[in-house]
Amino acid sequence: MGKKIVLTGGARGIGRAVVENLASEGHEIAFNYKASKDDADQIVRKIADNNGTAFAFQSDISDYEQAGEFIKNAKEQLGDIDVLINNAGITRDKSLFIMPSEEWNEVINTNLNGCFNVTRHLIGFFMKNKKGNIINVSSVSGIVGVAGQTNYCASKAGIIGFTRSLAREVAKLQIPVNCVAPGYIETDMTAKIPEKHRKELKKMIPMQRFGSVAEVADLISFLVSDKAGYITGHVFAVDGGMTA
Ligand SMILES: NC(=O)c1ccc[n+]([C@@H]2O[C@H](COP(=O)([O-])OP(=O)(O)OC[C@H]3O[C@@H](n4cnc5c(N)ncnc54)[C@H](O)[C@@H]3O)[C@@H](O)[C@H]2O)c1
C-alpha cells in the first residue's frame, strides 16, 4: 500500500531520485528544497503527469521554525505521515586552518541541526501513533575521515550517533531509524570536484567508479518498505566498497 512520505532536499540529486522512485512505487510525497523552485515544480508536474502525488515546499531546515512549518504543510497535504527521510545536506570543503567559523556553522546547522529540527517536529506524532519510519542520509564521510571535510565529516558522524540513539529510544514503539551512507555519487555536489581529483578518487574506490543516484534510491525504497520492518539503528553504506 502507498505510504505518506516526507523528504528534505528533494529538488536535486539523490533526493530527487528518491522522490521520483518512491512516487513511481505509488507513495505520496511532500518534499522541501532551499532554492531550486523551478526544479521542484518540474518534479511535481512530472509525477502528476504519471498519476502520482507530490508536493514541494520552499524552506530552510537549518531554521527550527521553518522546519516546523514544512512538517505542518506536509501534514495538511498528506494527512498522517508514515516515513521521514532526512536527506538535505551541503558541503563547504576547506582545510581546518583556513575554515571560517561561518562555514563550520553552516554545514553543522544544515546537516546535523537540520536533521534534529525536522525530526523533532515529527517524532512526537510518530510516538503517539506508535508508527513511523526514519531514514537519515549520512555519508561515508561520517564513517571515515576526509581531509578538507572536518565540518562535513563531523556533521555526518553526528547523524550516525543521532540515528543509533533515536533508534534505541523508539524501538519499543516499532519505529525503525536507520542511516544510509553514500560514497561518491554522481550529483551536483560531486560535479564540483575537479576532473583530475575525480580520477584519483576513482582509483581509491574498489569498484573504480562513482555510484548513481538510482543505486542510493533503490536502497531507500527497500528501507521504506515493510520488508525492512525489523531493521533499526544501522548504517548502510552504498559506496562501491570504500568502507569495506
Ligand atoms: N553526492 C554524493 O556523492 C553524496 C555522498 C554522500 C552523501 N551525500 C548526501 O546525500 C544528500 C543529498 O546530496 P546530493 O548530492 O543529492 O546534494 P545536492 O546538492 O544535489 O542536493 C541537495 C538538496 O538539498 C537541499 N538543501 C540544501 N540545503 C538545504 C536547507 N538548508 N534546507 C532545505 N533544503 C536544503 C537543496 O535544495 C537540494 O535539493 C546530502 O545529505 C549529502 O550530504 C551525497
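How do the residues of the shell around the ligand divide into nonpolar, polar and charged? Before I answer, let me say that what we are looking at is a predicted model. In this model the shell around the ligand divides into 12 nonpolar, 13 polar and 5 charged residues.

Let me stay with the ligand for a moment. There are 30 residues around the ligand, and those that come nearest are Arg12, Ile14, Asn87, Tyr152 and Thr187. Two of these names return when we turn to the polar atoms: a polar side-chain atom of Tyr152 lies 2.5 Å from an oxygen atom of the ligand, and an N or O atom in the side chain of Arg12 is 2.7 Å from an oxygen atom of the ligand.

Which elements give two or more residues to the shell around the ligand? They are helix 1, residues 13-24, strand 2, residues 28-33, helix 5, residues 150-170, and helix 6, residues 188-191. The largest share comes from helix 6, which gives 3 residues to the shell.

Now to the packing of the helices. Two packed helices are described by the angle between their axes and by the distance between those axes.

Helix 5 packs with helix 4, residues 101-129, at an angle of about 15 degrees, and their axes are 8 Å apart. Angles under 35 degrees count as roughly parallel, and helix 4 and helix 5 are therefore roughly parallel to each other, with a crossing that is right-handed.

Helix 4 also meets helix 3, residues 64-78, and here the axes come within 8 Å and cross at roughly 45 degrees. Helix 3 and helix 4 are therefore oblique to each other, and helix 3 passes helix 4 in a right-handed crossing.

Conventions:
Residues are numbered from 1 along each chain as its sequence is written. This is a predicted model: local features need pLDDT of at least 70, side-chain atom pairs count only at pLDDT 80 or more; totals for chains, interfaces and linings use all residues. Side-chain values use heavy atoms; hydrogens and water are left out. A residue is near a molecule or strand if one of its heavy atoms lies within 4 Å of it. A polar contact is a pair of N or O atoms within 3.5 Å; within protein, one must be able to donate a hydrogen and the other to accept it, and residues adjacent in sequence count only if both atoms are side-chain atoms. Helices (H or I, at least four residues) and strands (E, at least two) are DSSP runs, numbered from the N terminus. Ala, Val, Leu, Ile, Met, Phe, Trp, Tyr, Cys and Pro count as nonpolar, Asp, Glu, Lys and Arg as charged, and the others, Gly among them, as polar. Axes are lines fitted to C-alpha atoms, for helices over the stretch in contact, and angles run from 0 to 180 degrees between N-to-C directions. Angles under 35 degrees count as roughly parallel, over 145 as roughly antiparallel, 65 to 115 as roughly perpendicular and the rest as oblique. A crossing is left-handed if the near helix is turned anticlockwise from the far one by less than a right angle, and right-handed if clockwise.
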